[in-house]
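Colleague: I would like to learn how to read side-chain features in a model. Can we take them one at a time?

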Amino acid sequence: MTPVNAVGLIDTRQCSPLALAVCLRKAPKRQDRDPLLTFGMPSYLCLARKGFVFLRFLHIWIGLAPRKSMHSIRLAWLPLSKQLVPIYDKPMIYYPLSVLMLSEIKEVLVISNPEYIELYRHLLGNGSSIGMSIEYKVQEQPRGLADAFIVGESFINGESVCLILGDNIFYGQDFVPRLKRASKITEGAMIFGYYVNNPRDFGVVEFDKDNNVVSLEEKPEKPKSNYAIPGLYYYDSTVVQKAKGLEPSKRGELEITDLNREYLKEGKLRVELLGRGFAWLDTGTYDGLADASDFVRTMQKRTGLYVSCIEEIAYRNRWISKEQIISIGKEHEKTEYGRYLLSIAKDIRVE
């Protein structure tokens, strides 16, 4: 596969001070340990080159009201950083990271605050074990989603970018062709639309018959459509300059909706619709976490195929060899995950 020029970002700036992050591959082996879960709470954060993944971390406020920037009490009582939570058998961050990989994005930049950046470096290393390149940068202050492009300006280096939020999970047929089409964007921007029955709880997109965006609304009282905007965006090389020109919102942040409106003003914002049979899960609430884990467990148990297994994706992308995936599998062969990797290596097909 030809590598795609795009950047992916995961910003860990809003981490909990109680965050727990340990790399199991460096820890003593135990038969009952999954290679991806340490104390059941691993954390993986990254920014991919020419495609952005953005992780929104929650500060923990025990017994206090959530920050003004929170629209509701979502995971306000969770005693750890959200992206440390496993979704069934793998860390939450594996899921958005897998989307970048399916987009054929190989270069990743991790953005975090100073006290946590080394934890993420310890967890992911340089990415070579899955055929990727991972770098790290510090974001001193949380300034909103669009600030990710400014922080990663030198890394983006004038190329196209993909931004994905770290608490969004995508799964469905024909997703990869959609990702590959979006990742080839050279002018303008592309967002996604997903039909929901409660559009007032989301950012909403209105579009014409040619899927050109007509309007964007943030949690409207009277939505103009039932299509919510998931946390997955593709932008051309002008995104950094557009982000720099944004004015902070009332909550003092550079908003992704305002960035999208800049493309809308130019008539260069399109939407790709995710149809029936496609799953988009937002894990920003307790119910969302439980639903996502149930979904992944059901899919994996019924099909025998893993959801968002990054080593498998790297192997099928031909980023790593059969010998490498066997080595990773043998390292954890006493776990279901390790045995699954070994079973992949026995399959002569690399689709």
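Modeller: Let us begin with a cysteine. This is a predicted model. Cys309 has 2% relative accessibility, so Cys309 counts as buried.

Colleague: What is the relative accessible area of Cys162?

Modeller: Cys162 has a relative accessible area of 0%. That is under 20%, so Cys162 is buried.

Colleague: How many disulfides does the structure hold?

Modeller: The general idea comes before the count. A disulfide is a covalent bond between the sulfur atoms of two cysteines. This structure holds 0 disulfides.

Colleague: On to aromatic rings. How is a pair of aromatic rings described?

Modeller: Two values describe a pair: the distance of the centres and the angle of the planes. In this model, a search of the whole structure finds 13 aromatic pairs. One of them joins Tyr194 and Trp280, with 5.6 Å centre to centre and 75° between the planes. The Tyr194 and Trp280 pair is edge-to-face.

Colleague: Which parts does the pair of Tyr194 and Trp280 tie together?

Modeller: Tyr194 lies in strand E10, residues 189-195, and Trp280 in strand E16, residues 279-282. The pair therefore ties together parts that are 86 residues apart in sequence.

Colleague: Are Tyr194 and Trp280 buried or exposed?

Modeller: Both Tyr194 and Trp280 are buried.

Colleague: Why is the pair of Phe207 and Tyr227 edge-to-face?

Modeller: Look at the angle. The ring planes of Phe207 and Tyr227 stand at 75°, and over 60 degrees counts as edge-to-face. Their centres are 5.2 Å apart. This pair also links distant parts of the chain, 20 residues apart. Phe207 is in strand E11 (residues 203-207), and Tyr227 is in strand E13 (residues 227-228).

Colleague: What is the relative accessibility of Phe207, and what is the relative accessible area of Tyr227?

Modeller: Phe207 is at 23%, so Phe207 counts as partly exposed. Tyr227 is at 22% and is partly exposed as well.

Colleague: Which residues do ring pairs link into a cluster?

Modeller: The cluster consists of Phe149, Tyr233, Tyr235 and Tyr263. Tyr263 has a charge over its ring too: the charged end of Lys242 sits there, 4.5 Å from the ring centre.

Colleague: Where is Lys184?

Modeller: Lys184 is in the loop between helix H5 (175-183) and E10. At 63% relative accessibility, Lys184 counts as exposed. Now compare chain and space. Lys184 and Tyr235 are 51 residues apart along the chain, and their C-alpha atoms are separated by 9.8 Å.

Notes
Residues numbered from 1 in each chain as written. Predicted model: local features only at pLDDT ≥ 70, side-chain atom pairs only at ≥ 80, totals over all residues. Heavy atoms only, no water. Phe/Tyr/Trp six-rings, centres within 6.5 Å; stacked < 30°, edge-to-face > 60°. Helix = DSSP H or I, 4+ residues; strand = E, 2+ residues; numbered from the N terminus. Buried < 20%, exposed > 50% of the residue type's maximum accessible area, 1.4 Å probe, protein only. Lys NZ or Arg CZ within 6 Å of the ring centre and 35° of its normal. Disulfide = S-S within 2.5 Å.
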